[in-house]
Amino acid sequence: QVQLVESGGGLVQAGGSLRLSCSASGSTSSINYMAWYRQAPGKQRELVARINNGGSTNYLDSVKGRFTISRDNAKNTVYLHMNSLKPEDAALYYCNAVTIDFRARIYDYWGQGTQVTVSS
């Protein structure tokens, strides 16, 4: 089991920056990769950024060059640095962790979400 707690959301003006944090606890050694998703009202949840144990990352096209995902393995924490925020970035942001056990079974864990609001 993995528990995830997000923090860092809030209200920011367009063009501003925020840093989201996600702290993992529990069976953190079994985590293969961590990610940030977001969901705006009336829209589907979408993958924003993902980072694996080796540090490889991938991003949603609309955030490339503005958002950076990073991971501090010593602190079991993943960050999402968001710059040049746009009103369309406003959403509930969720932290996600995926573990794969020795039988190749995949488990998904989610945080409660942290709200990001961007004013124009």
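Here is a friendly chat about a predicted model, moving from one of its sheets to a few single residues.

Visitor: Okay. What is the order of the strands in the open sheet of 4 strands?

Guide: The order is E1-E3-E8-E7, and the pairing is antiparallel.

Visitor: Which strands stand at the edges?

Guide: Those are E1, covering 2-7, and E7, covering 67-72. Each has a single partner strand, so one side of each is left without a neighbour in the sheet.

Visitor: And what does the twist average from one strand to the next?

Guide: The twist averages 15 degrees.

Visitor: Let's zoom in on E1 and E3. How many bridges do they pair over?

Guide: E1 and E3 pair over 6 bridges, in the antiparallel sense, and E3 takes in residues 18-26. To pick out one spot, Val5 has Ser23 in E3 as its bridge partner.

Visitor: New topic: how many disulfides does the structure hold?

Guide: The structure holds 1 disulfide. Cys22 is joined to Cys95, with an S to S distance of 2.0 Å.

Visitor: Where do those two cysteines sit in the chain?

Guide: Cys22 is in strand E3 and Cys95 is in strand E9, which spans residues 91-100. They are 73 residues apart, and the pair links distant parts of the chain.

Visitor: Remind me, what is a disulfide in general?

Guide: A disulfide is a covalent bond between the sulfur atoms of two cysteines.

Visitor: Are Cys22 and Cys95 buried or exposed?

Guide: Both Cys22 and Cys95 are buried.

Visitor: Why is the disulfide called left-handed?

Guide: The torsion about the S-S bond of Cys22 and Cys95 is about -85 degrees, so the disulfide is left-handed.

Visitor: Now for aromatic rings. How many aromatic pairs are there?

Guide: The count comes to 2 aromatic pairs. In one of them, the ring centres of Tyr37 and Trp110 are 4.9 Å apart and the planes are at 65 degrees, so this pair is edge-to-face.

Visitor: How about Tyr94 and Trp110?

Guide: Their ring centres are 6.4 Å apart, with the planes at 85 degrees, so that pair is edge-to-face. Tyr94 lies in strand E9, and Tyr94 and Trp110 are 16 residues apart. Together, Tyr37, Tyr94 and Trp110 form one aromatic cluster.

Visitor: Is Trp110 buried or partly exposed?

Guide: Trp110 is partly exposed, with a relative accessible area of 35%. Tyr37, at 18% relative accessibility, counts as buried, and Tyr94 is buried with a relative accessible area of 12%.

Visitor: I spotted Arg66. Where does Arg66 lie?

Guide: Arg66 is in the loop between strand E6 (57-59) and E7. At 10% relative accessibility, Arg66 counts as buried.

Visitor: What does the side chain of Arg66 reach?

Guide: The Arg66 side chain reaches the backbone oxygen of Ser62 at 2.9 Å. If you leave aside its neighbours within four places in sequence, Arg66 is in contact with several residues, including His81, Met82 and Asp89.

Visitor: Last stop, Ser120. Buried or exposed?

Guide: Ser120 is exposed, with a relative accessible area of 88%. Its place is in the segment after strand E11 (114-119).

Visitor: Which residues is Ser120 in contact with?

Guide: Leaving aside neighbours within four places in sequence, Ser120 is in contact with Ala14 and Pro87. The C-alpha atoms of Ser120 and Gln13 are separated by 6.2 Å, while these residues are 107 residues apart along the chain.

Terms used
Residues are numbered from 1 along each chain as its sequence is written. This is a predicted model: local features need pLDDT of at least 70, side-chain atom pairs count only at pLDDT 80 or more; totals for chains, interfaces and linings use all residues. Side-chain values use heavy atoms; hydrogens and water are left out. Two strands pair if DSSP finds at least two bridges between them. Axes are lines fitted to C-alpha atoms, for helices over the stretch in contact, and angles run from 0 to 180 degrees between N-to-C directions. A disulfide is a pair of cysteine sulfur atoms within 2.5 Å. Buried means under 20% relative accessible area, exposed over 50%, partly exposed in between (1.4 Å probe, protein chains only). A polar contact is a pair of N or O atoms within 3.5 Å; within protein, one must be able to donate a hydrogen and the other to accept it, and residues adjacent in sequence count only if both atoms are side-chain atoms. Contact means heavy atoms within 4.5 Å. Rings of Phe, Tyr and Trp (its six-membered ring) pair if their centres lie within 6.5 Å; planes under 30 degrees apart count as stacked, over 60 as edge-to-face and the rest as tilted.
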